[in-house]
Amino acid sequence: MPHQLEGLIAREDIAHLAENEQLILDDNKRISILEAMRSIDVQAIPGSGKTTLIATKLILLAKKWPLQHQGVCVLSHTNVAKEEIIGRLKRTKSLEAQRLLSYPHFIGTIQEFVGKFVAFPLIRTSGTSINMVDTDICVDLIYSKLSVRTRGYVDRKSQHSNVLYDFDLDYVDGGILVNVPTFPNGSTSQSYINLEAVRKELITDGYFFYRDVFSYAMMALRENSALPTALRQRFPCVFLDEMQDTQKFQDELLCEIFPLDDPDLIVQRFGDPDQAIFHGIGNEEPNESFNGKSRDDMDFIVYKSHRFDDVLASKIKPVSFNEIPLKSELSEEALAIRAESHATGENFEHTILLFNDDTCDNVIESFSQIVSNQFTEQRKRSQCFSVKVVGAVGNEIDPNKVQLKIGHYWAGYDKTKLKTNFKAASLLEAVRYCRQSSSIDWADNYKLLIDCILKLMRISGKHDSDGRYYSSSTLRDALKEKGRWNTFRDGIYLMLNETIELDHKNWEDICSLLIKLLDFENIPNVAMQYMEFAEVPGPDEIDNDVQNQEELTLVALTDNKLRYKDDFQIELSTIHGVKGETHDATLIVETKNHIFDLETMLPYFTGELPSEDHPNRQLPEKPNARRAFKQNKVFLRQLYVAMSRPKHLLCLAIHEDRISNEDIRKLENLDWHIHVIEKPSQETN
């Protein structure tokens, strides 16, 4: 039986919207996805315009939505994706799209949805207010409340930031069980008692880990069998974005609320299993209902990209886990414009750099020279010019082990400076960090500053009307009540505005505004220190004695950034750290986690593929080859993410001992350029 919304979107609606919004929607596959009013799974490759596709469909639905008290539910994995969708709806010429931003519709993260509609109502029935849901803040609060003896125990076990992150809550036998880390079987020790008591105290005060929300949500579903039915009635049409990053426990809960086989529901999921690289993060299992699907299991595959041309697509395609036939969708005009970024107007030369033990630390310099030679001066000096060096393994080097990590290519690399690990020591440090970050992460930057301001309020002893520490929502409500919210938001924008110089005077003005808006009185010294101004050396002031040496081609800046002599910057990062980004040029360096990763990928590059995944093709006879391929299925997805970041130039760095002459010949036949790194000659006086 057809769904009640079947046929709601017609081709004429799509054509009319395309004309009004100046969209090119002449692709039958995308049109079919826009028309579909049934449950579907869509795999969309990098740069395929997935967000535009989802936003376009939402606009079409908003124009013709017939249900007064039932709405569309749009769920994403991250705040960045949520804000991007909301931003598209706000910028559209179709005023009807604004309807989706309020009741009865919902656009938010999975975390927000599960909290608002499932977990929080149950928690509040016990008399507990939701003060804050933030794992990082909870970990800091737990540690601050522990006894000196328990802190010593935690520190001896490992760094507290690691141990306390395992402080899980589980729904077991009708109740919530507190799992105290390092005590899997419970204990009568003072440390166990102290840890458990502090965690329960925080729960009573309304402080929760992100993961806790799902445990309470499972409890709510078990205690109220009518709840899923009510949610399905409220939201007959559900969109799930970034499905490849959805973890198993999240997916299972969503499938229980919105079953994929329910004929009364429309559940449309979008993502790319080839980019599912967060498997095992936080010891969580990946979802299987989407990521476990093969190419043939998907309802639709969007395999044309606006990011790269067909030459680069041909380099990336061999490492697609689902064997998606990547193609470019760039027009001749767009390709001509791109050619203007090349120094000679020719094609970019995608290069494999070969190094040895003596030239490993020359890899980045050689890559920088390749970038310098191939891009125009105008492009290199552009503010949005992005050059990244990425690798799979970036943690600290152990000198007593045989390893290969990002730090071997540049000794100053520090993984703790990555955005995913960054914790500001002061408000000014957070603002400076945000200004150095890519504009694609604006929502994350905004959240980072809000979190820092909330921390400032905690250490200043500021509480809300209920005597609790402020959360982002209670702070917003309090400022709105006083008519200060818009001014406060303007202050945040001021902090993030790169055109406003962060000198001593401007910083004092910003802090004075905060003090006034937040009603700070008798600010304690620790809060003043958190807000104080500190000079930092700019790029032109770093190590002048060394920098002035004409022969120096790379200069270390801050936060894993380098500057090449042509005055463009290169940033070092892990592959996980650049997911979702777009670069002008990307270098992927070989690293080692049990085995050398790029070496095991060579049969993909050369066209020889593992028989386990591709039964019609033979695996080359190499020692431990089958074991290497089995171990590197996870890395295959990481490599796909890394190789699909650049829109112009892709380079790989492999040790010359791990690539044969036959491999080199095959790669050259596939239009890879081979560059052997030579040790720079040492000039004598």
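**Cavity, helix pair and sheets**

I start with the lining of the largest cavity: six of its residues are nonpolar, none is polar and two are charged. Nonpolar covers Ala, Val, Leu, Ile, Met, Phe, Trp, Tyr, Cys and Pro, charged covers Asp, Glu, Lys and Arg, and the others, Gly among them, are polar. The model is predicted, so local features need pLDDT of at least 70 and side-chain atom pairs pLDDT 80 or more, while totals for chains, interfaces and linings use all residues. Residues are numbered from 1 along each chain as its sequence is written, and side-chain values use heavy atoms, without hydrogens and water.

Now the cavity itself. How many cavities of 30 Å³ or more does a search of the whole structure find? The search gives three. A cavity is a set of points on a 1 Å grid over the protein atoms alone where a 1.4 Å probe fits but cannot get out, and lining residues have an atom within 4 Å of a point. Points join across faces, edges and corners, and the volume is the space filled by probe spheres set on them. The largest cavity holds about 40 Å³ of space. Around the largest cavity you will find L240, D251, L254, C255, F258, L260, V267 and R269. Two elements, α12 (248-257) and β9 (266-271), each give two or more residues to this lining. The largest share comes from α12, with three residues. Helices (H or I, at least four residues) and strands (E, at least two) are DSSP runs numbered from the N terminus.

Next, a pair of helices. Helix α5, residues 110-125, packs with helix α11, residues 226-234, at an angle of about 120°, and their axes are 11 Å apart. Axes are lines fitted to C-alpha atoms, for helices over the stretch in contact, and angles run from 0 to 180 degrees between N-to-C directions. So α5 and α11 are oblique to each other; under 35 degrees is roughly parallel, over 145 roughly antiparallel, 65 to 115 roughly perpendicular, and the rest oblique. On the α5 side the contact (heavy atoms within 4.5 Å) is made by F113, F117 and V118, and on the α11 side by L227, L231 and R234. Five residues of this contact are nonpolar, none is polar and one is charged.

Now the sheets, starting with the one that contains β9. Six strands form this open sheet in the order β3-β2-β8-β9-β1-β10, and the pairing is parallel. Two strands pair if DSSP finds at least two bridges between them. At the edges stand β3 (106-109) and β10 (300-302), each pairing on one side only. Neighbouring strands here are turned by 15° against each other on average, direction ignored. Strand β2, residues 72-76, pairs with β3 in the parallel sense over four bridges, and S76 has T109 in β3 as its bridge partner. Helix α4, residues 79-91, packs on this sheet and touches β2 and β3; the direction of α4 makes about 150° with that of β3.

In the loop between α4 and β3 sits P104. A cis peptide bond, with omega about 5°, joins Y103 to P104. Most residues other than glycine have a negative phi, and most peptide bonds are trans.

Which residue takes a positive phi in the hairpin of β5 and β6? In that hairpin, with two residues between the strands, D173 has a positive phi near 50°. The strands β5 (residues 169-172) and β6 (residues 175-178) run antiparallel and are joined by four bridges, with L169 opposite V178 in β6. T182, not a glycine, also has a positive phi, about 70°. T182 lies in the loop between β6 and α9 (190-204).

Last, another open sheet. Eight strands form it in the order β15-β16-β17-β14-β18-β21-β13-β22, with mixed pairing. Its edge strands, β15 (554-556) and β22 (673-676), each pair on one side only. Here neighbouring strands are turned by 25° on average, direction ignored. Within this sheet, β18 (residues 583-589) and β21 (residues 646-655) pair in the parallel sense over six bridges, and A585 stands opposite L649 in β21. Helix α27, residues 633-643, packs on the sheet, touching β14 (387-391), β18 and β21. The direction of α27 makes about 150° with that of β18.

Terms used. On a 1 Å grid over the protein atoms alone, a cavity is a set of points where a 1.4 Å probe fits but cannot get out, and a pocket is an open set with protein on both sides within 12 Å along at least five of seven lines; lining residues have an atom within 4 Å of a point.
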